[in-house]
Amino acid sequence: MGTAHGTVLLSAERLSFAFTPGTPVLRDVSLHLKGGTSVGLLGANGAGKTTLLGALTGTLRGTTGGSVRLDVGGLPARRAIGFATQAIALYPVLTVEENVGHLARLLLGRGEAKAAIERTLEEFALGPIARTRVHHLSGGQRRLVHLAASFVHAPPIRLLDEPTVALDFEARQLVVRRVRAWREEGAAVLVTAHYPEDIEELSTELVLLRDGKTRDLGALGTVLSSQARTLSLRGARPVSPPADASWELTLATSSLEEVRSKLGEVPSDVHLSELRLSGNRLRDILLRDPSLSAFARESEGP
Amino acid sequence: MNQDIASSDASAPSGVAGFVNVVRCYALTEWRVLARERTAMVFIFILPAVLSAILGPAVSGLDAVPGAMGRATIGFAVMFSYMVVTYSGHAFYRDFWYHTDGRQALIRPSRLAFAMGKVLPACAMSFVQLLLFTGFAAVFLGLPLNGDVLQIALTGAALVTSGSALGFLLFAITRSTATLSNLSYLVLVTFSAVGGAIVATEALPGWSRTLGYATPHYWALRALNEATFGQGRWSVVLQSTAVILTFTAVCATAASLAFDFRNPKHDTT
């Protein structure tokens, strides 16, 4: 790919976008995609994540403001950017190879296309179904073909809108591995996903989109370390007042060492000593590492 | 919005080679789709054959004229060659059915090359149909050939090109496949009727004949009649094709003005 890690390949400054004048979807978006990093875009449904990807690629018709700049060694946008849209973009009556080949020949010319097709089919493990027509494939297989076709030209900037939809565990892991490999090769990746767990696996940086504005949250590790660990105690029988067949007590804590002291803050309606005295027994203790889910719930709001 | 896009692209084909590459890529994909979906084959080849056999010279109004059956066959061939309007429009809408429209908007190939590649397969099918039906009529149905085969080929090429340009225009100004299809069938029937493809122009009422002058069908049939029943004069054929090509240029210009890769269509959802 030939791009330096840490170099800003795409920068958007004060980007705004409205499908109809006067009702902006994006108001003041600033975003920088660096080589070797993967930015996870968080945002509630309808926050404008897909619109942002469309505005960055210039593929939407509407009123735009601000700027989008590419620094990709003179490559035109069509070669510099690969965009895997949320909707699967494939011709159903064409085979996998023909779909990937159409874009390879279009973007690279016949000379380079053959090698690019072979490489891409191998990367996405599509060799065995290369000659199968797309309408015969499962939803997950189609998603993989869609990703393969979108990035067959090995662009330095890769945008992925909900890339893990309909994927089974194995295919999802394949996508995670591919995104990490692209990052190591120096590509700049921007990814959106329905589930924070996916963002957590696919991203190194986080950006929150809310009310049409972006907020740079920084590195994923930093965000996660700011979150508390969660300690869950689960009993076999209900305690007073008996409500369910089991009970669960959740405490927020940042480390195992704090567990003891935190236990002293148990709400007054649950008494561990009472549990012991009443013959209840602790079924399991679960300490959860910080995750993006809780953070996303808090950040995205209602 | 300021989007810095450098103009140089060392590895991809550029200039004429790039143009040809874009045409070839889209044409190959469209050809594969048309060939595998088969409905275009039925409408362009089978339907006119069936109608020619069923209705024959009865609709031509020229029962007493030798070669009338051949004349009727050509009429139906001209009529259904204009299915190219529908299939050209569908070629563009296809990207919205299959969500590949976003890719075109990002890649933004040369609009002319893109449009040519998209319509070329449907154009070629309609052109081959016209030649096959004319050949069949000449060999088996007593259609005279007083002119040159080249005159028929030139007329056929001009006619299907005008249909493709009209299909492109209808795509550019409509928002859904249903609207495009309805309009293109309306065009198919009315142009064929007033242009003399169903009933010979001589048998049409005056007002209908006047309307016919505005259709490529009238001029195509005029040229084809000259090459077959007529004296084979090139002046008549060239005049007719010039009118058809003017129609084509108007449609193509209007289409290219209205067309934008980013235009949304209802079929997207």
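Which residues of β6(A) are buried on one side, and which on the other? In this predicted model, I157(A), L159(A) and D161(A) lie on one side of β6(A), with R158(A) and L160(A) on the other. All are buried, and both faces of the strand are covered. Here a residue is buried if 20 or more other C-beta atoms, placed from the backbone, lie within 10 Å of its own. In a regular strand the side chains alternate between the two faces of the sheet. Strand β6 of chain A spans residues 157-161, and five of its five residues are buried. Strands are DSSP runs (E, at least two residues) and helices likewise (H or I, at least four), numbered from the N terminus.

The model is predicted: local features need pLDDT of at least 70, side-chain atom pairs count only at pLDDT 80 or more, and totals for chains, interfaces and linings use all residues. Residues are numbered from 1 along each chain as its sequence is written, while chains are lettered from A and ligands numbered from 1 in the order in which they are written.

β6(A) has two strand partners in this account. Strands pair if DSSP finds at least two bridges between them. β5(A) and β6(A) run parallel and are joined by four bridges. Within β6(A), L160(A) stands opposite A84(A). Five bridges link β6(A) to β7(A), residues 188-192, also in the parallel sense. D161(A) faces T192(A) of β7(A) as its opposite. Together with helix α6 (residues 169-184), β6(A) and β7(A) make a right-handed β-α-β unit. Right-handed means that, with the strands pointing away from the viewer, the path from the first strand over the helix to the second runs clockwise.

Chain A is divided into domain 1 (8-225) and domain 2 (229-300). These bounds come from an automatic or database domain assignment. Twelve residues of domain 1 and eight residues of domain 2 form the contact. Contact requires C-beta atoms, placed from the backbone, within 7 Å. On the domain 1 side, α7 (196-202), β8 (205-210) and α8 (220-225) each supply at least two residues. α7(A) gives the most, with four residues.

Between chains, 37 residues of chain A are in contact with 32 residues of chain B. On the chain A side, β4 (63-70), α2 (77-80), β5 (81-84) and α3 (96-108) each supply at least two residues. The largest share, seven residues, comes from β4(A).

Technical notes: Two residues are in contact if their C-beta atoms, placed from the backbone, lie within 7 Å. A residue is buried if 20 or more other C-beta atoms lie within 10 Å of its own, exposed if 12 or fewer, and partly exposed in between; C-beta atoms are placed from the backbone.
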